[in-house]
Structure formats: structure tokens, C-alpha cells
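Here are my notes on the model, point by point. Please read them with the coordinates open.

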Amino acid sequence: MLSHIIDVLADPADGSALSGADDFTRLVSESGHSYDVAKQGYVTLASGAGLKHKGDDADMVTARETYLSKGHFAPFVEAVTGAIQNALDNAISQEDVPEPTLLEVGAGTGYYLSHTLDSIDGSRGVGLDISPHAARHLAKCHPRVGAVIADVWQTLPIRDESINAISVVFAPRNPAEFQRILAPGGQVIVLTPQAGHLDELREPLGILGVEEGKVERMYDQAEGFLEQAADPVNLAFPIQLDKESIAAQVAMSPSARHISAEELAARMEALPQTMSVTAHARLDRLRAV
Ligand SMILES: C[S@@+](CC[C@H](N)C(=O)[O-])C[C@H]1O[C@@H](n2cnc3c(N)ncnc32)[C@H](O)[C@@H]1O
């Protein structure tokens with residue numbers, strides 16, 4: 001619910017504080033701007049010309065929900081939650097954080113954020129995504145989540161130094177903005193797919209692989225804003241995928257869009273009923289410079 005996180009939200013036009021009006025059917029800022037709350041419970045916080053991208057479409061979000069609900073990425077969710085817990089423990093030893101405030105950027109269905117909120121007593125979370133389809137899931141993924149549609153590439157509608165931990169799972173980042181909104185001692189937890197991720201699916205289906213150097217580029221972009229806060233952790237584990245899960249994995253990623261639906265269906269048909277694949281990703285923790 002947006003009321004849980006209202007004090008960390010900011011007017012995207014000028015950064016001023018927001019509060020709920022008319023029984024939280026809209027948010028109004030100190031400077032007089034008004035943002036309607038959708039009946040599904042999320043708010044779009046964008047200024048000027050609005051949002052330039054749409055993010056994941058309805059089919060991608062549904063496929064992601066189907067895939068993640070089968071627990072195939074459970075080791076990823078455990079690792080992300082563990083890293084956030086560690087980051088908060090470090091921060092809490094520096095100062096008192098009774099009610100940690102989390103932000104997940106590109107939060108999708110809220111699978112990761114809701115797991116973390118369940119695991120960390122008293123925490124509350126902002127689930128931010130540019131996709132309205134994702135926002136609908138986010139708004140109902142956990143009682144302590146507030147769902148916001150915003151573009152991570154623009155000024156984030158979040159107050160300065162208000163967030164204890166930011167997480168980004170396979171989604172875009174904005175290091176300058178992360179530096180601005182991190183509370184003292186706060187950290188950014190980033191999970192990035194690594195070369196080899198689900199490669200067993202790529203060859204038979206002809207879908208794109210993970211490009212090399214993703215993590216190096218992240219550190220280059222973060223230069224001057226964020227720095228490494230802990231040793232990175234490489235995660236790799238096997239997954240048994242049935243046909244429904246393979247179809248969902250393909251549908252939730254943009255990598256198969258260059259193949260026609262008919263061709264992809266023919267290649268899917270030729271696959272065995274179950275496949276053993278390997279997940280590869282790297283978990284990094286960063287802090288403000
Ligand atoms: C690969 S999905 C990952 C979703 C989620 N983190 C997960 O792993 O289940 C990337 C997400 O980032 C969102 N996204 C893409 N561009 C964005 C942007 N500029 N600002 C905010 N979210 C964005 C998409 O809509 C999508 O939900």
C-alpha cells in the first residue's frame with residue numbers, strides 16, 4: 001500500500017514531499033502537483049512528457065510469474081535476500097534502522113521483493129517498474145509494498161537518503177540516482193546474468209546469449225557514484241525445466257523476438273519433455289562513494 005511508503009516518495013517534477021489525499025486516491029506534493037493512484041493501487045510518478053518506454057508487456061509479465069512461481073530461481077532469491085540482510089546488518093551496526101526501507105528497481109512481479117520483506121521483520125519496500133503490467137502485480141505482491149511506475153533512467157521519485165537497500169535483479173540501474181537516495185550506510189545489491197546463463201536452451205532455440213562484460217560495464221557506469229562494498233559472489237546451479245517452464249522462460253525474455261512465432265514453436269516442439277539447464281549470475285554489493 002502506498003501509505004506505507006509515502007514518506008520516501010518525491011514529486012518527480014521537483015523532488016518535494018508527497019502525501020495522500022482523498023483517501024489515498026491521489027498523491028499531492030508540497031508544490032501542488034497531483035498524481036492519481038490507479039484503482040489497482042499503484043501510482044505513476046513521471047514528470048513532463050511522461051515515460052518514454054513501456055517495459056515488459058502483459059505476456060512477458062505473465063510468463064515471468066509462471067516461471068518464477070515454479071521456484072526455478074529459488075537460489076537467486078535466497079542469495080538476494082541474504083545480501084540485503086547482510087547489507088542492513090552492516091548499516092544497522094553503524095546507526096539505528098528500526099524500519100528498513102527497501103527499493104527494488106525493475107521489480108517485475110515482486111517475486112524478489114516480497115520474499116525479502118517476508119524475511120526481514122519490520123521492513124517495507126518500494127517496488128518500482130516502468131511497466132504498468134508489472135505494477136499491477138507489485139501492488140498486490142506484499143502488504144508492506146508500495147508500487148510505483150517510474151523510469152530508472154530519469155530522476156527517481158524518491159527522497160534523498162531515504163533508502164537503506166536498493167536491489168536490482170536483471171534490470172537497469174542508475175548509479176547517480178542510487179547514490180542520491182541511499183541512506184547513510186545503505187547498499188545496492190545487483191544480480192547480473194553471466195555468460196553461460198541457461199545456455200543449454202540457447203543453441204536449440206537459437207536465442208541470444210548474455211553478452212560478455214556486463215558487470216565490468218556496470219562498474220564503469222558507477223564510477224564516481226558507487227563503489228564495491230563486498231566481494232562479489234558467483235552463483236551457478238542446475239535447473240530441471242519442463243516444457244511449460246521452457247516456454248515461459250523464452251516468453252519472459254526479449255531474446256526470442258527476432259525469431260518468428262512459427263519458427264520458435266517448431267524449435268520448441270523438437271525439444272525433449274524436460275531439459276537440464278544451468279543458471280549463472282553474479283551478485284555484487286555497492287555503496288555510495
Ligand atoms: C528482466 S526483467 C526483471 C524483473 C525482476 N527483477 C525479476 O527478476 O523477476 C526487467 C524489468 O525491468 C523493467 N524495466 C525495464 N526498463 C526499465 C526502466 N527504464 N525503468 C524501470 N523499470 C524498467 C521491466 O519492465 C521488467 O519488469
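**Notes on the predicted model**

1. Start with a loop residue. Glu 161 sits in the loop between strand 7 (145-149) and strand 8 (163-169). Helices (H or I, at least four residues) and strands (E, at least two) are DSSP runs, numbered from the N terminus. Phi of Glu 161 is near 50°, a positive value in a residue other than glycine. Glu 161 is exposed, at a relative accessible area of 52%. Buried means under 20% relative accessible area, exposed over 50%, and partly exposed in between (1.4 Å probe, protein chains only).

2. A word on the basis. This is a predicted model, in which local features need pLDDT of at least 70 and side-chain atom pairs count only at pLDDT 80 or more, while totals for chains, interfaces and linings use all residues. Residues are numbered from 1 along each chain as its sequence is written, and side-chain values use heavy atoms, with hydrogens and water left out.

3. Phe 170 also has a positive phi, near 55°, and is not a glycine. Phe 170 lies in the loop between strand 8 and helix 5 (175-181). Its relative accessibility is 32%, so Phe 170 counts as partly exposed.

4. The largest nonpolar core has 43 residues. Such a core is a set of buried Ala, Val, Leu, Ile, Met, Phe, Trp, Tyr and Cys residues joined through side-chain atoms within 4.5 Å. Phe 73, Phe 76, Ile 239 and Ile 246 have the most contacts inside the largest core. Helix 2 (residues 74-94) gives the most to this core, with eight residues. Apart from it lies another core, of 35 residues, among them Leu 18, Val 37, Val 152 and Leu 156.

5. What does Phe 76 touch, not counting residues up to four places away in sequence? The list is Tyr 112, Phe 170, Leu 191, His 197, Leu 235, Phe 237, Ala 279, His 280 and Ala 281. Contact means heavy atoms within 4.5 Å.

6. Thr 81 lies in helix 2. At 7% relative accessibility, Thr 81 counts as buried. Thr 81 touches Tyr 112, His 115, Thr 116 and Ser 119, leaving out residues up to four places away in sequence.

7. Ala 10 is in the segment before strand 1 (18-21). Ala 10 has 1% relative accessibility and therefore counts as buried. Beyond neighbours within four places in sequence, Ala 10 is in contact with Gly 15, Ser 16, Leu 18, Leu 45, Pro 157, Ile 158 and Arg 159.

8. Helix 8 (residues 243-251) and helix 9 (residues 261-269) pack at about 150°, with axes 11 Å apart. Axes are lines fitted to C-alpha atoms, for helices over the stretch in contact, and angles run from 0 to 180 degrees between N-to-C directions. That angle makes helix 8 roughly antiparallel to helix 9. Angles under 35 degrees count as roughly parallel, over 145 as roughly antiparallel, 65 to 115 as roughly perpendicular and the rest as oblique. The contact uses Lys 243, Ile 246, Ala 247 and Val 250 of helix 8, and Leu 264, Met 268 and Glu 269 of helix 9.

9. Helix 1 (residues 58-69) and helix 8 pack at an angle of about 140°, with their axes 8 Å apart. Helix 1 and helix 8 are therefore oblique to each other. Met 60, Ala 63, Thr 66 and Tyr 67 of helix 1 meet Glu 244, Ser 245, Ala 248, Gln 249 and Ala 251 of helix 8.
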